[in-house]
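Please read this briefing with the sequence and the 3D structure at hand.

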Amino acid sequence: MHRWFLLVAPILVALSAPATGEPLLPPGEADGPYVELSAGYLALADVDGEANGIDVEGEYSDGFAIGAQLGYKYNVFRVALEFEYGRAGFDSLSVAGVEVDVDGDFDLFRGTVSLYYDFDNVSRFTPYFGGGLGAVYVDVEDVTFANSVTVEGDSDTYFTAHGEAGLSIAATDRIAIVPAYRFIWIDDGGGGFDDDTAHLFKMGLRFRF
C-alpha cells in the first residue's frame, strides 16, 4: 500500500507552496511545447471467454507503466505524441471451474497520438480530459501452467486506444504535477475472448519550455 503515499506526496508539496496573487501558469503564457514524464500502477481486467464451448476465466497480476509525452499546448487544447512501457503478468487460469496457477510476464510497448482538453481557469489547478489512438506491441515471455507445463512465449502488434482524465497542479511557472487516471483498450480479442482492457493510475511531471 505504500505506493499510494508516493502518489499523494507530490500533490501535498504543490499544495503547500506559497500562494501568490497571480496564477502560476496564466493561460496566455502556457501555450507552447512541453514534455511530460509519468509512472504508475497498471491493473489489467480479468479475462472471460469460451473455448470449444468451455468457459475460460483468467486473471492477471498487477504491474506498472512508465511513459513519456511530447506535446504542444494551444489555448485549451494539447496535441501529443506518447510512448509508454508497461509490464504485468499472468496469475491464474480457470477452465470449466478448475483453477490452476499461471506464471509468466509480458511487456507492453504503446505509441499513440493524443488530444487533450484543458479546462480554462486562472488557478494553479487545471482539470483535463482526452484520449489517444495508436499501436501496442505485446511481448509475452514463456508461460508455465500449474508449475509443470510451459508454453513458449509470443509477440504481436495490435491497435490500441485510451481515455484519460487528470489534474495539472502548477508547482512553478514551468513545472506541473499531474495525477491522472487512464483507461486502456487493446484490440486483441477473438476466438471467443473479449479485447483486453487495463486501468492505469499514474503520477506525472510536466515541463513547459
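This is a predicted model: local features need pLDDT of at least 70, side-chain atom pairs count only at pLDDT 80 or more; totals for chains, interfaces and linings use all residues.

Residues are numbered from 1 along each chain as its sequence is written, and side-chain values use heavy atoms, with hydrogens and water left out. Strands are DSSP runs of E with at least two residues, numbered from the N terminus, and two strands are said to pair if DSSP finds at least two bridges between them.

**Strand pairing**

- Strand β1 (residues 32–44) runs antiparallel to β3, to which it is joined by 11 bridges; within this pairing, the bridge partner of Y34 is G71 in β3.
- β1 also pairs with β11 in the antiparallel sense, over 11 bridges, and here G40 stands opposite K202 in β11.
- β5 pairs with strand β6 (residues 125–140) in the antiparallel sense over 13 bridges, and these two strands form a hairpin with 6 residues between them.
- G111 has A135 in β6 as its bridge partner.
- β6 is in turn joined by 16 bridges to strand β9 (residues 154–170), and the two run antiparallel; P127 stands opposite L167 in β9.

- Leaving aside neighbours within four places in sequence, G204 is in contact (heavy atoms within 4.5 Å) with E36, L37, S38, A176, I177 and V178.
- G204 and G40 are 164 residues apart in sequence, and their C-alpha atoms are 8.6 Å apart in space.
- T112 lies in strand β5 and is likewise buried, with a relative accessible area of 5%.
- Not counting residues up to four places away in sequence, T112 touches A80, L81, E82, G132, L133, G134, T160 and H162.

**A nonpolar surface patch**

- L70, F77, V79, L81, F83, V113, L115 and F209 make a nonpolar surface patch of about 810 Å².
- The elements that give two or more residues to this patch are β4 (77–95) and β5 (98–118), and β4 gives the most, with 4 residues.
- Such patches are made of residues with over 30% relative accessible area and no salt bridge, where nonpolar side chains (Val, Leu, Ile, Met, Phe, Trp, Tyr) are joined within 5 Å and like charges within 9 Å.
- Accessible areas come from the Shrake-Rupley method with a 1.4 Å probe, and for residues only the protein chains shown count as cover; a salt bridge is a side-chain nitrogen of Lys or Arg within 4 Å of a carboxyl oxygen of Asp or Glu.

**A loop residue with positive phi**

- N75 is found in the loop between β3 (54–74) and β4, and N75 is partly exposed, with a relative accessible area of 47%.
- The phi of N75 is near 60°, a positive value in a residue other than glycine.
- Most residues other than glycine have a negative phi.

Methods: Buried means under 20% relative accessible area, exposed over 50%, partly exposed in between (1.4 Å probe, protein chains only).
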